[in-house]
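Subject: Salt bridges in the attached model

Hello,

Here is the structure for your files. My notes on its charged side chains follow below.

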Amino acid sequence: MAELLDVMDGLEEALARIPGMRVSSEVPGQVTPPHAVVGVPPIQEYRVVFQLGVTRLEMPIYVFVSAAVDRVGQRLLAELASPTGPRSVRAAVEADRTLGGRVADVTVRDFRPLNLEEVGQIGYLGGLWNLSILINPRS
């Protein structure tokens with residue numbers, strides 16, 4: 001079975017294909033937008049999530065864009081939230097639904113815009129994408 005860090009690495013690689021996107025697995029002290037952060041998923045109950053058979057994880061991806069000029073930041077966030085296009089988070093993640101053979105399937109479930117978020121005492125517009133990932137024991 002793929003390790004959690006392998007899955008996070010696969011998502012980082014997928015998101016790095018978006019033009020201009022910077023990607024990390026942790027919120028850095030300073031953000032240069034647009035910046036995606038692949039979050040550690042919540043695990044509700046190990047015995048259910050990691051039982052024999054298919055493992056299902058709900059993974060968050062956070063993206064921060066500039067709030068310096070509202071219109072520019074909001075337009076970029078809209079491009080990222082779009083289901084298709086060169087800057088689409090969904091299109092980038094689902095371009096290879098196995099994340100290079102690391103998982104059985106990945107699906108971008110939904111997107112939610114965030115309020116003004118502060119990172120390193122600077123405000124950013126943000127968005128949260130929730131992913132559903134299926135992992136076979138043999139992945």
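A salt bridge is counted here when a side-chain nitrogen of Lys or Arg lies within 4 Å of a carboxyl oxygen of Asp or Glu. The model is predicted, so local features need pLDDT of at least 70 and side-chain atom pairs count only at pLDDT 80 or more, while totals for chains, interfaces and linings use all residues. Residues are numbered from 1 along each chain as its sequence is written, and side-chain values use heavy atoms, with hydrogens and water left out.

By that rule there are 7 salt bridges. Three of them are described here.

R90 pairs with E94 through their side chains, at 3.4 Å from N to O. Both residues sit in helix α4 (residues 89-94), 4 residues apart, which is about one turn of the helix. Helices are DSSP runs of H or I with at least four residues, numbered from the N terminus. E94 is buried at 15% relative accessible area, whereas R90 is partly exposed at 34%. Buried means under 20% relative accessible area, exposed over 50%, and partly exposed in between, with a 1.4 Å probe and protein chains only.

R97 and D105 form another salt bridge, 3.0 Å from N to O. R97 has 35% relative accessibility and counts as partly exposed.

Through shared partners, salt bridges link R56, E58, R109 and D110 into one network.

Regards

Key. Helices (H or I, at least four residues) and strands (E, at least two) are DSSP runs, numbered from the N terminus.
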